[in-house]
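Reader: I'd like to learn how to read a model like this one. Could you walk me through it?

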Amino acid sequence: MSKPKVGFYWCASCGGCEEAIVDLHEAVLKVVELVDIVFWPCAMDFKRSDVEAMADGELAVCFVNGAIRSSEQEEMAELMRRKSQLLVAFGSCSHLGGIPGLANLYDWDMVMAQSYKEAPSVDNPEGTYPQPETPYNGHTLTLPVLSNTVRTLDQTVPVDYYLPGCPPPANLIVNAVMAILEGKLPAKGAILAPDVALCDECERKATKPDKIAIKEWKRPHLAIADPQLCLLAQGFLCLGPISRSGCGAPCVKGNMPCSGCMGPTDGVRDYGGKALSAFASLIDSDDEAEIEKVLDGIVDPVGTFYRYSLPASFLHRRVMPGPTREPVAAGTDGK
Amino acid sequence: MFEPKIVAIFCNWCTYAAADLAGVSRMTYPSNVRIIRVMCSGRVDPQFILDAFAKGADGVVLGGCHPGDCHYVEGNYKTLRRYRLMRRMLDQMGIEQDRLRLEWISAAEGDRVQKVMTEMTETVRKLGPLKLEVAAKVHAEPAASEGVNA
């Protein structure tokens, strides 16, 4: 019997998820023994045309990482969906939108202007933007078009399972692959990680007091954290209480607060809303002016509470005032 | 004229009773407001507010007991803290802070309900409709029913 075929694909991502697969170390050999990897642009020389030549559903499973924010990523998500029996959203960006999802605070014009005109490192006096089509020596060169909005994978195509994390922890990846091979998967739509908060597996759990009262929020680059005590009790914005476990709390082991890459547990629908609720409630004051002063310590609420999940949030994004170019018309700059 | 949709979430002990009083006293206020009763303003999970905006509310009003009067001692203080942070976060997302309002209204202040509802309707009317680009999951099969589990 031939081995099940597996694919990996990346969209708007940093490459850390590919790294996570390499980080399986010897366990990757066990995986390779059991499956055939037939598509993995980061590591292997198979082309899109190879996937297009496959029958629909020929791949047993495809792991897609990265958010969806270009015409090419959308096409590839649809292609991989069609060719795969199971589609797994791999990592925070694919699952919830991730860091690239914070671009939803801006629109197409602002993102392009910042990237190609205004950033201090840009040298582009004519303000040229990447063009979807460029004639060159009698040929036409093409580039994908950047979308106005960053979406999660499941806002683009139906997704069967989710592997959370930035990147997903090695043990969860191996468990997921084994569960798929052995046909021991939970109901579709499940997140393949434990459904308890990170505090539950945190080494500092015993030092978490019953009642936490905060007079001042601290930031990791401005204060030195005690390496043994609960970070939240010390006043650091540690998102452990509202984040999913399964990662083994490596950030806390490194004396850094949890930033919530594993996303929420099953009972929470809007991660940022729940996080806001948790941290505001801990403030030890009933006086409006003093509450405001304590809140000044949360410098970037959206970046803190929706760091990995803005596209998956209830509000998703505001429709920006002013003219926003249709992404299809992208290509000319605003001269 | 733009008719805004306003969701009001009132606590059972003070503000909802005040709205009742406004009703039996035949005070009128704009019909733009839909009132939801909760046991305490502290029960208002910020997810409810975000969900209201995402589902088409142009403004949200929270009503609770005056400081010191909370039936559950400190529920309204928790609401106050969340509300202050919520306004900051909405602002960062490009949503006008005035679309969210918190008011302390005791059971005797029916006239205050009338005033706040009228003011809020006018404020939100001036701001115009809240335009969000709400994204939904793509489902292969019919979606399972979802409820806010908070």
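Reader: Is B:W104 buried or exposed?

Author: First, a word on the model: it is predicted, so local features need pLDDT of at least 70 and side-chain atom pairs count only at pLDDT 80 or more, while totals for chains, interfaces and linings use all residues. Residues are numbered from 1 along each chain as its sequence is written, with chains lettered from A and ligands numbered from 1 in the order in which they are written.

Now the idea: a residue is buried if 20 or more other C-beta atoms, placed from the backbone, lie within 10 Å of its own, exposed if 12 or fewer, and partly exposed in between. B:W104 counts as buried because it has 22 C-beta neighbours inside 10 Å.

Reader: Which residues is B:W104 in contact with, leaving aside its neighbours within four places in sequence?

Author: Contact means that the C-beta atoms of two residues, placed from the backbone, lie within 7 Å. For B:W104 the partners are B:G64, B:C65, B:H66 and B:P67.

Reader: Which residues of α4(A) are buried?

Author: Helices are DSSP runs of H or I with at least four residues, strands runs of E with at least two, numbered from the N terminus. In α4(A), the buried ones are A:Q73, A:M76, A:A77, A:M80, A:R81 and A:K83. Their cover includes β1 (5-10) and α3 (48-52) of chain A.

Reader: And how many residues does each chain bring to the contact?

Author: Chain B brings 34 residues and chain A 35 residues. On the chain B side, α3(B) gives the most, with 11 residues.
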